[in-house]
2 protein chains.
Amino acid sequence: MSAGKAVVLLSGGLDSATAMAIARDAGFQVSALSVNYGQRHAAELNSARRSAQAMGAVQFQTMDVDLRAVGKSSLTDDIAVPVDRTVAQMNAAIPSTYVPARNTVLLSCALAFAESIAARDIFVGVNALDYAGYPDCRPEYIAAFETLANLATKAGVEGDRFRIHAPLIQMTKAGIIRRGLDLGVDFRLTSSCYQPAEDGRACGRCDACLLRLAGFAEVGVLDPVQYVQRGNP
Amino acid sequence: MSAGKAVVLLSGGLDSATAMAIARDAGFQVSALSVNYGQRHAAELNSARRSAQAMGAVQFQTMDVDLRAVGKSSLTDDIAVPVDRTVAQMNAAIPSTYVPARNTVLLSCALAFAESIAARDIFVGVNALDYAGYPDCRPEYIAAFETLANLATKAGVEGDRFRIHAPLIQMTKAGIIRRGLDLGVDFRLTSSCYQPAEDGRACGRCDACLLRLAGFAEVGVLDPVQYVQRGNP
């Protein structure tokens with residue numbers, strides 16, 4: 001039995017792939033949305049498409065938002081991505097990979113898409129623990145967006161409420177990987193690296209690679225993606 | 001003396017031009033942002049650029065967001081724009097010109113832009129009276145977005161709060177026009193029509209034209225833009 005339609009924001013990384021598997025496991029009929037916001041790691045979008053197909057999404061929608069026009073981030077500009085940092089260093093300050101208002105832009109796009117296909121459930125793979133430095137990954141932020149969504153839309157006003165699901169928000173990276181493996185997520189199809197090599201291999205040294213490698217190490221499973229080198233956080 | 005930097009969302013219509021004049025009159029150093037969301041009336045973007053220049057914006061930034069990918073609206077799709085309606089008919093239901101989550105997407109873009117240029121004040125020309133059918137034009141919606149903005153951003157988290165200004169929200173169209181005329185807004189440069197003719201003339205029959213014409217009629221001033229015909233709401 002279907003729980004109804006859901007929109008899942010799919011970045012191509014392992015978090016959002018797991019969020020999608022959780023939505024599907026909960027019985028939702030999933031439409032995946034990948035937003036191309038000018039990130040340098042466009043390989044993520046191909047990963048997202050493959051993950052969506054592999055996991056039985058009924059629809060894979062892409063949307064262009066030119067955040068490069070206004071961004072100031074090492075993910076959209078020519079600022080160096082930090083490498084070889086410890087988790088303590090990662091969490092000491094908001095990192096240069098922070099894209100101004102990114103999750104607000106992404107969730108706004110998901111809300112527009114959801115309203116247009118009459119979905120009321122939106123899943124997003126944000127995580128408060130591994131990204132302590134990102135303000136828009138916190139539970140109070142997600143709650144505020146849900147409030148906004150129901151004031152912003154025709155559906156919300158008419159009493160047909162939107163729900164924003166962030167099922168990974170309090171999970172560790174290892175916990176997310178375990179849950180994904182339980183649900184059959186094929187992590188070979190995911191791409192987390194902020195600066196993949198031209199041949200598609202992950203760098204193994206940026207924050208995203210280091211957190212991912214540490215998560216797989218904690219679970220005791222080899223990360224199936226290819227790396228230039230496998231760093232230690 | 002400058003009140004600091006502000007971002008003004010400039011659509012090209014008369015409301016946002018007046019909001020920009022109000023921001024400038026309050027002493028802000030104004031950066032204008034026009035979001036191209038695939039609306040059919042792209043003439044608005046040219047109007048926005050001319051208005052920004054005429055009113056001394058320090059910057060005019062455009063940003064592309066492909067809402068056509070997800071939209072279901074007569075402003076972005078091939079759905080007929082309603083014409084010749086009375087104000088009562090306009091307000092009876094959410095109109096087909098409603099773009100899902102539009103103001104949420106626009107304000108998210110403005111927030112990203114504002115954070116990237118270190119502006120903390122965002123002006124938007126939404127109006128609750130003339131657009132009673134649009135949920136995202138209400139004061140409670142604007143307040144919820146301000147709350148979200150301060151949870152979403154590095155600046156907000158660090159205590160440097162964003163303020164969302166909607167100075168027209170409780171004004172009538174006639175009141176907006178009077179205020180704009182007082183502040184020297186050149187309304188010839190504005191474009192409100194949902195379906196302008198190829199030569200740029202406004203149709204005079206869509207909701208936006210009818211509300212505008214009625215506003216000028218109430219003020220007792222001739223609307224300086226060119227119309228195919230001047231309808232009566």
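The expected span of a helix is taken as 1.5 Å times one less than its number of residues, and helices (H or I, at least four residues) and strands (E, at least two) are DSSP runs numbered from the N terminus. The structure is a predicted model, in which local features need pLDDT of at least 70 and side-chain atom pairs count only at pLDDT 80 or more, while totals for chains, interfaces and linings use all residues. Residues are numbered from 1 along each chain as its sequence is written, and chains are lettered from A and ligands numbered from 1 in the order in which they are written.

In chain B, helix α4 (residues 102-117) has 16 residues and should span 22 Å; its end C-alpha atoms lie 23 Å apart, in agreement. Because 15 of these 16 residues are buried, α4(B) is largely enclosed by the rest of the structure; buried denotes 20 or more other C-beta atoms, placed from the backbone, within 10 Å of the residue's own. A118(B), with a positive phi near 65 degrees, follows the helix.

Chain A contains an open sheet of five strands in the order β3-β2-β1-β4-β5, with parallel pairing, where pairing requires at least two DSSP bridges between two strands. Its edge strands are β3 (59-64) and β5 (163-165) of chain A. Strands β1 (residues 4-9) and β2 (residues 28-36) of chain A are joined by six bridges, and V7(A) stands opposite S31(A) in β2(A).

Definitions and conventions
A residue is buried if 20 or more other C-beta atoms lie within 10 Å of its own, exposed if 12 or fewer, and partly exposed in between; C-beta atoms are placed from the backbone.
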